[in-house]
Amino acid sequence: MKLLIKNGRVIDPASQIDEILDILIDKNKIVDIKTKISAPSAKIIDVAELVVAPGFIDMHVHLREPGQEHKETIRTGSAAAARGGFTSIACMPNTFPVIDNSGTIKYVLSEAENIGTVNIFPIAAITKGQKGKELSEMAELIDSGAVAFSDDGNPVSNSQVMRSALEYVKQFDVVIINHCENTDLSENGVMNEGPYSCQLGLNGIPASSEEVMVARDIILAEKSGARIHLAHLSTKGSIELLKAAKAKKLKVTAEVTPHHLILDDSSLANYDTNLKVNPPLRDKKDVSSLINAVKSGLIDVIATDHAPHSPDEKAVEFDIAPFGINGLETAVSLLLDRLINNNTISLQRLIEMCSTNPAKILKLKNKGKICPGADADLTILDLNKKIQVDVNNFRSKSKNSPFHDWKLKGAPAITIVGGNIIYSNQSI
Amino acid sequence: MAFKQKHLLGIQPLSASEITTILDTAESLAEISSREVKKVPILRGKTIINLFYEPSTRTRSSFELAAKRLSADISNFSKQSSSVSKGETLKDTILNLEAMNTDAIIIRHAFAGSPYFISTFCSSHIINAGDGSHEHPTQALLDAFTIKQRKKKFSGLKIVIAGDILHSRVARSNVLLLKKLGAEVILVGPPPLLPPYFSKLGAKIDYNLDHAIKGADVIMMLRIQLERQDKTFFPSLREYRHLYSLTKERFQNAKKDAIIMHPGPINRDVEISTDLADSTESVILQQVENGVAVRMAVLYLLLGGKEHEIAD
């Protein structure tokens, strides 16, 4: 079965393409890309006025299965990803049991295969049980399909353990992703420390709790020569540390989330638990520092940190509500509305952070690019579509979004994975 | 009567004139507590829940007596005696209590924002009796009532609040209230317990009690909340006492007619020397007495009593 995507504005940062082109897909591969392809036997989709990008890859997703299926399952998370315009997601290992063994990886992969929509790439735990003490069996986990290692949710607090992890994994050239938080400094904290936490009487999480850990990780990355990826950076100080590390050409990459680019701690005045997230929403100067880092090219990746929680779990006092924002189905519209519509960054730059770079960091061969031989994963965007976020339409099992009712311009239009249309809001 | 609030969630939402209305109402209600029959029928037939998730001596009994002196029916719940100990959520607890047709719920809770949270789904009047480190509005109101009794005004007063500011809902509510009424407020404490953000609430910050106390009209000492000190904030109680305890010697630098306040419970000879706590300059027990009148005023204004009934 051939598929011909006609008349779209094709943007592929990997090959520096930005023009109106046709793309011919045969089975699960892109076979041709040029102006005016004619393929009589192919199913034709006319995407005039739409933008065709290499499939978006969200490298920071919590799918909750196995163990917390009341929040999300691999099936509902996949559906949410497809609707959100993502063709691939990398899922974090903080499940029950933890993804620290090949059996659990195989379970996730076989479930993903049964569902057969988005590509799911498991991230395995750095340490057994994510307890921060003993390294998991990394070679076996890589053989089973792990694309990266992380104890996300928890930092690796013990510096010796982190050093060993980096030194050990370097031989396989697989990336370590750290959730940067010094838990001594953040202990009991539930929101950014500052005038707003003071006014609300909530315990603060100081910027220093992130920055102390970012500094340590950069030092360990330099000494080991291994690759490290800093998840969900949130502070101006972290950006300054990242800038210094990149100036030294260290193998350090970093991501930010849409919510940290768009919201700040002044929005917590009503104790809305949907705004409770870790790292916390920071202050306005942090937000503008993150946006500048996105503009300057310092930030490699935008990832959602999709963290679904059931409505009951969030309908409690702020102190005891779980951390996390449901991100897969709002990310693309938020980014188009807030970064593209006002010309903060170019579409090329956005696609680089959502597709090209995550594919490189996770070493996903044949993904994150549009060229003959590449996987037929495409994210097709409608820059002009006006939407209003409604959590009741989410395909995610959870509804914990602070963006409910937001009016945004720009949305995913068609999601194609392996040559199959897995989501479309167009009449095709 | 200029009182349009449905709830008393904190001092922050109140205007200066609403605060004045509460204080004036408290003044006219205060006399009831000195009658032989300490009861008027203003809130007869109203049902009030006194829900205390944290231990309390003064606030809980003060609200209870205030409600009873206005003839309301009040029911007490504590964390230990309720289904909370069986794992019921706050939301479910409140919805169940409200199903019994309550008119007001008074809540004391260890978590900041809990009164606001329940006000989002419940139709009773909500009164914050202290939520975590956030606010304790009736304490600030009774403090203001006591200051007004003694000083007759707020503008131009220099008021020092000293102690564990970081964890203090009393400090936050007092700063907000006293600034709205025009006083100058200086916060004093060890730097880790007095972050600079408090200046955004309108207070001045001083780390030196001897310096801050000079020319003060009111000195309000706060308890060191030993139950909240799970992190290290200062070296020892001994050193704390040395730097931040209110002693006779220190107090001499305040204005001649300065008064000493404390929301209680006091740790004698920690934040305040025992002789000062019991001195004529101390208004600690007047604060407690005034608490009943202020809480009567709050209940009366929120639950819509009729003004003429006060005289009954």
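A pocket is an open set of points, on a 1 Å grid over the protein atoms alone, where a 1.4 Å probe fits, with protein on both sides within 12 Å along at least five of seven lines; lining residues have an atom within 4 Å of a point. The model is predicted, and local features need pLDDT of at least 70, side-chain atom pairs count only at pLDDT 80 or more, and totals for chains, interfaces and linings use all residues. Residues are numbered from 1 along each chain as its sequence is written, chains are lettered from A in the order in which they are written, and side-chain values use heavy atoms, without hydrogens and water.

The largest pocket holds about 850 Å³ of space (the space filled by probe spheres set on the points, which are joined across faces, edges and corners). Its lining comprises 33 residues, with Asn203(A), Leu166(B), His167(B), Lys231(B) and Phe233(B) nearest the centre. Domain 1 (16-136 + 289-303) and domain 2 (137-285) of chain B each contribute at least three residues to this lining; the bounds come from an automatic or database domain assignment.

The C-alpha centres of these two domains of chain B are 26 Å apart. Their contact (heavy atoms within 4.5 Å) takes 27 residues from domain 1 of chain B and 28 residues from domain 2 of chain B. Three salt bridges are found across this interface (a side-chain nitrogen of Lys or Arg within 4 Å of a carboxyl oxygen of Asp or Glu). A salt bridge also joins the side chains of Asp24(B) and Lys148(B), at 3.2 Å, N to O.
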